[in-house]
Amino acid sequence: MKLLTFDQSKCTNCGACSAVCSLEKKGVVQPSQARIHIKAACAENGEKVLRASVCQHCARPVCVTACMKGIVHKDPETGFVSREKEGCIACAACAVMCPVGAAVLDTDANAFLTCDLCGGDPACVKVCSSGALSYADPAEASAAFRNSYALKAVGRGLVK
């Protein structure tokens, strides 16, 4: 299964991903309703870091067990986590339990929703001009990240 991956070193925090996500899912540009958010935080050393808050389709998704209505499911074959918004009572149990803060309250549907990867063609990846977002196999994305990290370390003289 391919996943949405994020490389904070490439992100300019332009907001295009959230804008196009809300446009794709709601028909209007309303970033607060997007299913992806880039959030700025401060590392222990005081350095600004960016994090993508988007569904990771976890191996053991706590949102599935947290849902009181039983409307969040993980497909055992694809690994994809899906939701039935019609049965959601907006209790926020899934949102509270999500380790990455991926559940977003859709104010029109009064239901918590997450990234559905746009059916396998994520709009946010298409508009990410910096290349910070990609849609890739997790193993490939991890290898690419490790390689880029190693090249940066060599460039900084940290390793020879």
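Predicted model: local features only at pLDDT ≥ 70, side-chain atom pairs only at ≥ 80, totals over all residues.

Student: Good to know. Which residues does H57 touch, then, leaving out those up to four places away in sequence?

Tutor: H57 touches M1, L3, K74, G79, F80, V81, C115 and L117.

Student: And where is H57 placed in the chain?

Tutor: H57 is in the loop that links β3 (48–53) with α2 (62–66).

Student: Is H57 buried or exposed?

Tutor: H57 is buried, because its relative accessible area is 6% and buried means under 20%.

Student: Nice. What does the side chain of H57 reach at 3.0 Å?

Tutor: That is the backbone nitrogen of V81. There is also a backbone oxygen to look at: the one of C115 lies 3.4 Å from a polar atom of the H57 side chain. V81 and C115 are both among the residues that H57 touches.

Student: What about the phi of L117?

Tutor: L117 is not a glycine, yet its phi is positive, at about 60°.

Student: Why point that out?

Tutor: Because most residues other than glycine have a negative phi.

Student: Okay, and A90? What is its phi?

Tutor: The phi of A90 is near 55°, again a positive value in a residue other than glycine. You can find A90 in the loop between β5 (81–83) and α3 (93–97).

Student: How accessible is A90?

Tutor: A90 has 24% relative accessibility, so it counts as partly exposed.

Student: Let's zoom out. How many helices and strands does the protein chain have?

Tutor: The protein chain has 5 helices and 8 strands. Reading from the N terminus, the order is β-α-β-β-α-β-β-α-β-β-α-β-α.

Student: How much of the chain counts as buried?

Tutor: Of its 160 residues, 36% do. As for the surface, the accessible area of the chain is about 9,500 Å², and carbon and sulfur atoms hold 55% of that.

Student: Last one: what share of the contacts with a separation of 6 or more comes from residues 24 or more positions apart?

Tutor: Those residues account for 51% of such contacts in the protein chain.

Methods
Residues numbered from 1 in each chain as written. Heavy atoms only, no water. Helix = DSSP H or I, 4+ residues; strand = E, 2+ residues; numbered from the N terminus. Buried < 20%, exposed > 50% of the residue type's maximum accessible area, 1.4 Å probe, protein only. Contact = heavy atoms within 4.5 Å. Areas by Shrake-Rupley, 256 points an atom, 1.4 Å probe, with all protein chains shown as cover. Polar contact = N/O pair within 3.5 Å; in protein donor to acceptor, adjacent residues only side chain to side chain.
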